[in-house]
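Hi everyone, thanks for making the time. I'd like to walk you through one model, starting with a ring and ending with a pocket. Here it is.

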Amino acid sequence: MNPSLTPFQNQQLCTVTLLGNLVEKPEIRYRANPVSAITDIIIATNSKWLDKKSNQYKEWTSFHHIMVAGDLVEKNLINAEKGDIILIQGYLSNLKSATTEKATSETYKAIVKANFIQKFNKRYTQSVNQILCSGKLITSPKLNTTLNNKTFSQLKISINQQYYSTDKQSWQLYKVEREIHVWGKQAQYLVENANIGDDVMIEGKLSYLATADKKQYIEAKTVHLLS
C-alpha cells in the first residue's frame with residue numbers, strides 16, 4: 001500500500017535513529033479491529049566521552065522505550081532475543097499511563113514509535129543515538145551553571161509530526177513537547193537571541209534525567225535558530 005501524502009499546515013520534522021542492544025526478549029501481544037501485533041521493547045545505547053579531570057574515558061548507557069506495531073513486529077521481532085542488535089527509525093510519542101483515568105502532562109511517558117525496524121544477531125557494535133527535529137519554541141531559554149562551571153540553557157519546543165495510522169487508514173498530525181538542553185556558546189546565544197514562537201531545528205541525541213521517572217529530553221549538538 002502506498003498511501004498518498006496528505007500535506008498538513010505547520011507540519012514539522014522529527015526523525016529518531018537508534019542502534020543498540022535489546023534489553024529483554026519482546027513480549028508480543030495482539031489487539032483487535034483490526035488484528036495486529038504490538039510490543040514494547042527497550043534498546044540500550046552507549047555513549048563515551050573523555051573526562052578532562054581524570055583524563056580517562058567514561059561511558060553512559062541510555063535505555064530507550066520503543067513501541068512497535070503491525071508488520072514490523074511480525075517480520076522483525078518474532079524471533080528476537082535479549083542482546084540482539086536492533087536498528088530503528090521512528091518519531092517521538094507519549095504513552096498514557098494505564099493506571100491514570102484523567103490525563104495530564106505528568107501521566108504520559110515519553111517514548112519512541114518505530115516506523116522502521118531491523119534485527120541483527122548479537123555481537124559488538126558501536127551504538128547510534130540521533131535525533132533531527134524542527135519545532136517551535138514555547139518557553140524562553142534559561143541559562144544554568146553546573147557544579148563544574150559549565151553553562152547550559154534549557155528550553156522547550158513543540159513538534160507537529162505527520163504519520164500514517166494503519167488503524168485509521170489515513171495520515172495523522174501528532175503534537176509532542178520536549179525539553180532541550182544546549183551547552184556552551186550556543187546556550188548563551190539562544191538566551192540572548194531566541195524568543196517564544198521562534199522556529200528552530202535541532203541535531204542531537206535522546207537523553208534521560210537521572211531521576212526516578214527518567215524524564216526524556218533532547219541533548220542538542222547543534223541548534224539552528226530559524227526565526
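**Rings, bridges and a pocket**

Let's begin with Y91, which is buried, with a relative accessible area of 10%. When I say buried I mean under 20% relative accessible area; exposed is over 50%, and partly exposed is in between, with a 1.4 Å probe and protein chains only.

Two sentences on the ground rules, please. This is a predicted model, where local features need pLDDT of at least 70 and side-chain atom pairs count only at pLDDT 80 or more, while totals for chains, interfaces and linings use all residues. Residues are numbered from 1 along each chain as its sequence is written, and side-chain values use heavy atoms, with hydrogens and water left out.

Back to the rings. How many aromatic pairs does the structure hold? There are 3 aromatic pairs. The rule takes rings of Phe, Tyr and Trp (its six-membered ring) with centres within 6.5 Å; planes under 30 degrees apart are stacked, over 60 edge-to-face, and the rest tilted. Y91 and Y163 make a stacked pair, 5.4 Å centre to centre with 25 degrees between the planes. That pair links distant parts of the chain, since Y91 sits in strand β5 and Y163 in strand β9, 72 residues apart. A word on the labels: helices (H or I, at least four residues) and strands (E, at least two) are DSSP runs, numbered from the N terminus. Y163 is partly exposed, at a relative accessible area of 22%. Ring pairs also bring in Y174, giving a cluster of Y91, Y163 and Y174.

Next, the charges. A salt bridge here is a side-chain nitrogen of Lys or Arg within 4 Å of a carboxyl oxygen of Asp or Glu. By that rule the count is 5 salt bridges, and I'll show you some of them.

Take E81 and K25, whose closest N and O atoms are 3.2 Å apart. E81 lies in the loop between α1 (71–76) and β5 (85–96), and K25 in the loop between β1 (14–22) and β2 (29–31), so this pair joins distant parts of the chain, 56 residues apart. E81 is partly exposed at 38% relative accessibility, and K25 is partly exposed at 43%.

Now, K119 and D84: are they buried or partly exposed? K119 is partly exposed, at 25%, whereas D84 is buried, at 4%. Their salt bridge has its closest N and O atoms 3.8 Å apart.

One more salt bridge: D199 and K136 meet at 3.0 Å, N to O. D199 is in strand β11 (residues 199–208) and K136 in strand β7 (residues 128–137), 63 residues apart. Both ends are partly exposed, D199 at 27% and K136 at 32%.

That takes us to the strands. Two strands pair if DSSP finds at least two bridges between them. Strands β7 and β11 pair in the antiparallel sense over 6 bridges, and the bridge partner of K136 in β11 is D199. So for these two residues we have a salt bridge as well as a strand bridge, if you follow the definitions of each. K136 also has a partner in β9, namely S158, where β7 and β9 pair in the antiparallel sense over 2 bridges. Strand β7 pairs with β1 too, antiparallel over 6 bridges, with T17 standing opposite Q130.

A quick stop at the backbone. Most residues other than glycine have a negative phi. On a 1 Å grid over the protein atoms alone, a pocket is an open set of points where a 1.4 Å probe fits, with protein on both sides within 12 Å along at least five of seven lines, and lining residues have an atom within 4 Å of a point. The largest pocket has a volume of about 1,900 Å³, that being the space filled by probe spheres set on the points, which are joined across faces, edges and corners. Its lining has 47 residues, with S207, Y208, L209, Y217 and E219 nearest the centre. Which strand gives the most to this lining? That is β3, with 7 residues.
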